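Please look over the sequence and the model below before reading on.

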Amino acid sequence: MEIDDIETIAVLGAGNMGHGIAEVAALSGYTVNLRDIKEEFVQDGYEQIEWSLEKLAEKDQITDEKAEDALDNVTPYVDVEEAVGDADFVIEAVPEQMDIKQDVYSDVEEHLPEHAIVTSNTSSLSITDLSEVTERPEQFAGMHFFNPPVRMQLVEVISGEHTDEETLAVTEALAEDFDKTPVRVRKDSPGFIVNRILVPLMNEACWMVSEDAATVEEIDSTTKFDMGLPMGSFELGDQVGHDVTYHVLEYMNDVLGEAYEPAPFLEELIEEERYGKKSGEGVYDYE
Ligand code: CAA
């Protein structure tokens, strides 16, 4: 399999990351089958792509024609067989839970062409463990984008224990074709590289609020202006989705130990379903 053999990409999951990844692939001229389990979910993802493309065109970051072409490249699906039957490459971006991802792979695999590579946009879960429930562990890798995919340059390409070199090389070439910069993650450890560093930072900010050591405003102005991050820690948490951060932390806590215990303030956000921008409210209010 080579990069030139890829025409159709199936993106599984039309949420925050899935729709953004589909948009990136469509902007690079691929035929994109965007699939989610309910009509309303996939439609919502499609409309977010439309919104984003319009926004990029308004700001002259792409032409109107390019925006229209990209949207034409995306077809929404609910039926699995239709979504993956002609796919050369799959990017799975369903919720960050091992059992959900494994169920998706079993649904997909019976309809998927043999040559197709399957990748997961998981933020932290073991690529080796995920690959072992598939019938193609050598053709399985991590392909981890950052939020928002259309704006973020980096893609982590993660090797599991069984991933073959051809799969990694094609995945990296695809990331480059998306105009992204792939970085190969050699070791399949929880959180890979970016989240191993970033998620504890967001959690530590939550611990400080839980302990009343500093306020949200103090922490965000310090991380944004003094530490030079593009967003404050809580703005970033709202962008990423606190549910995603929480799942990553729970997994890191299980595998790596108590340094990764989620802070009470983060747990409060989860209990109150204040997930961030995507739910209309997180640490900040977006309604
Ligand atoms: N498509 C098009 N436009 C978008 C958009 C999208 N998907 N998302 C936001 N925008 C628009 C906004 O609506 C806003 O538009 P207006 O100016 O019209 O209001 C505009 O972009 C904001 O962009 P700016 O150019 O003003 O802001 P910026 O140059 O500061 O860039 C940013 C925004 C690129 C998101 C920047 O703040 C940034 O890099 N933030 C950090 C993001 C980050 O670190 N992400 C990684 C998180 S970790 C992760 O994702 C991994 C994981 O597994 C948990």
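From which domains does the shell around the ligand draw at least three residues each? In this predicted model, domain 1 (3-185) and domain 2 (194-278) each supply at least three residues to that shell.

**The shell around the ligand**
- The ligand is surrounded by 19 residues, and the closest are Ser52, Ser123, Asn147, Pro148 and Pro230.
- Helix H2 (39-58), helix H8 (194-210) and helix H10 (233-240) are the elements that give two or more residues to this shell.

- The contact between them takes 8 residues from domain 1 and 11 residues from domain 2.
- On the side of domain 1 that touches domain 2, the residues divide into 1 nonpolar, 5 polar and 2 charged.

**Helices H8 and H11**
- The axis of H8, a helix that also gives residues to the ligand shell, comes within 10 Å of the axis of helix H11 (residues 242-256), and the two cross at roughly 110°.
- Where the helices meet, H8 contributes Asn195, Val199, Met202 and Asn203, while H11 contributes Thr245, Val248, Leu249 and Met252.
- The residues of this contact between H8 and H11 divide into 5 nonpolar and 3 polar, with no charged residues.

Methods. Residues are numbered from 1 along each chain as its sequence is written. This is a predicted model: local features need pLDDT of at least 70, side-chain atom pairs count only at pLDDT 80 or more; totals for chains, interfaces and linings use all residues. A residue is near a molecule or strand if its C-beta atom, placed from the backbone, lies within 6 Å of it. Helices (H or I, at least four residues) and strands (E, at least two) are DSSP runs, numbered from the N terminus. Domain bounds come from an automatic or database domain assignment. Two residues are in contact if their C-beta atoms, placed from the backbone, lie within 7 Å. Ala, Val, Leu, Ile, Met, Phe, Trp, Tyr, Cys and Pro count as nonpolar, Asp, Glu, Lys and Arg as charged, and the others, Gly among them, as polar. Axes are lines fitted to C-alpha atoms, for helices over the stretch in contact, and angles run from 0 to 180 degrees between N-to-C directions.
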